[in-house]
Amino acid sequence: MNQKVLLITPAMPQSKYSIFRQSETECTDAEVWMAVLKQYGYSVSYYDGQFSTETIEEELQQKDPAFVVVFGKLCQETAMLECCVKAKKQDPSIVTVIAGEHAQLAYRRMYQDGVDYILNGYDPVSLIYVLGGSTGRWQPNGICHKVDGVWQQIPAKPYDIRKLPHADRTVFDANRDRYRFLGLAHTASVRTAFGCPHRCTFCSVPYLNKGIVSRRDIVDIVQEIVSLQTDNIYITDDDFMTDEERVREFLAAVKEAGLHKQYICHGRPDFIASHAELIREMKEAGFAYILSGLEYISDSMLAAYGKGFTAGVNEECIRVCKDAGIRLAASFIVGPDYRAMDFRDLLRYITDHDLKYADISILTPEPGTPLYEQYKERRMTEDASQYDRCHLTVRPMHMPAPVWEMLYSMLSRRLAQRAKKSGIIV
Ligand code: SF4
């Protein structure tokens, strides 16, 4: 019996301006599920569309899989669906599956021809189940499939991340030069938690894993980091710094293991601002960059999107990172509610605060979140490839869309010039 599984992550659309433009990171979901498939005896290969020189069709020809499993974000949705159609075109008996975080939030959008299953939870055993493997006493959950031509859903349950094996790094190790993040070469991605306890209204993360935060044990995380053949680690959690005690436990475990690696993580400005000493200790332990969503420069906009802190906190966050010598990759949201002066003020803020690693993204209400419904009347497109946070998807409030887009392009260009001058992007 052909037990070959091909995992696919399609290429991401190119962004206009981003300090992450030259970064390529692993799809940890795909790598973890790859490890699970191998545990169950499947023969697995992984096609990372970010850098593969083969087309999907060529990969399908070469690998001749019985099962194709596609992972991706909202902006990759069309490409994910196309992968399923291409697999069916090559061989109608190939079983096609869509999984990953976008599938959790917006699975109904992908109830389409060419797709056999959508897995809308984190439980990887659901994949073994749909592939026909033996799952013992496991109870099916998080599976959408067609019965007599009608899509049905077995609801997903919150998943305990501690049950997952370590990611399979076969593709990462074979492509040492491809995976890099910000200034760090050969950067491995490590996920330590699902979800986020905060509720910023523009963000989809709180809706993942049924709204339940699940964290790995620090001992297990450090064991995984020890095993990685690289000195650069990107902790991909949307917010690694939610709990001072946990961060301190991580620092102590890294020290005890005698690790001298460099780390990148995400953290909120209010946590950073109120933990100056901890940030200094993180720098000493090897944290080179912290990615933080400063989001807006005014109290009113921060309040409107439920950030729960003020512009003064952002100022303090910038100061704490500077004092500690940690590079702050500060991200800002450019909203459809912007007036012309807001674009100008943001550029001035970034320049005045000498934020070398400043990134901007366009407010993009995502399907599966309340904001998507809230902006229903002003939605400009249903084309998922436009939902990459670099395209306007909501009609601007104070000016015609082409004017807003021109101001956004001007801001992007100015920031790109700054980043090039500093050697952050080429
Ligand atoms: S923006 Fe960050 S802090 Fe806010 S909900 Fe999303 S992940 Fe959590």
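Predicted model: local features only at pLDDT ≥ 70, side-chain atom pairs only at ≥ 80, totals over all residues.
**Around the ligand**

Let's start with the ligand. Its surroundings are made up of Cys196, His198, Cys200, Phe202, Cys203, Pro206, Asp238, Arg268 and Lys307. Sort that shell by class and you get 5 nonpolar residues, 3 charged ones and 1 polar one.

**The nonpolar cores**

Now for the inside of the protein. The largest nonpolar core counts 112 residues, and the ones with the most contacts within it are Met241, Phe250, Met282, Phe287 and Phe332. Which helix gives this core its largest share? That's helix H15, spanning residues 401-421, with 8 residues. The core also takes in at least three residues from domain 1 (4-154) and at least three from domain 2 (180-421).

Phe287 is worth a click in the viewer. Setting aside residues up to four places away in sequence, Phe287 touches Ile235, Phe240, Phe250, Leu251, Tyr263, Cys265, Met282 and Ile326. Two of these names, Phe250 and Met282, are also on the list of residues with the most contacts inside the core.

**A look at Ala311**

Next, find Ala311 in helix H12, which covers residues 311-324. Is Ala311 buried or exposed? It is buried, since its relative accessible area is 15%, under the 20% cut-off for that label. Beyond its neighbours within four places in sequence, Ala311 is in contact with Ile297, Ser298, Asp299 and Leu302. As for Leu294, 17 residues away along the chain, its C-alpha atom is 8.3 Å from that of Ala311.

How many disulfides does the structure hold? The count is 0. A disulfide is a covalent bond joining the sulfur atoms of two cysteines. Two cysteines show how the distances work out:

| Cysteine | Closest cysteine sulfur | Sulfur distance | Relative accessible area |
|---|---|---|---|
| Cys83 | Cys84 | 6.8 Å | 4% |
| Cys144 | Cys84 | 13 Å | 0% |

Technical notes:
Residues numbered from 1 in each chain as written. Heavy atoms only, no water. Near = heavy atom within 4 Å. Nonpolar A, V, L, I, M, F, W, Y, C, P; charged D, E, K, R; others polar. Helix = DSSP H or I, 4+ residues; strand = E, 2+ residues; numbered from the N terminus. Buried < 20%, exposed > 50% of the residue type's maximum accessible area, 1.4 Å probe, protein only. Contact = heavy atoms within 4.5 Å. Core = buried A, V, L, I, M, F, W, Y, C linked by side-chain atoms within 4.5 Å. Domains from an automatic or database assignment. Disulfide = S-S within 2.5 Å.
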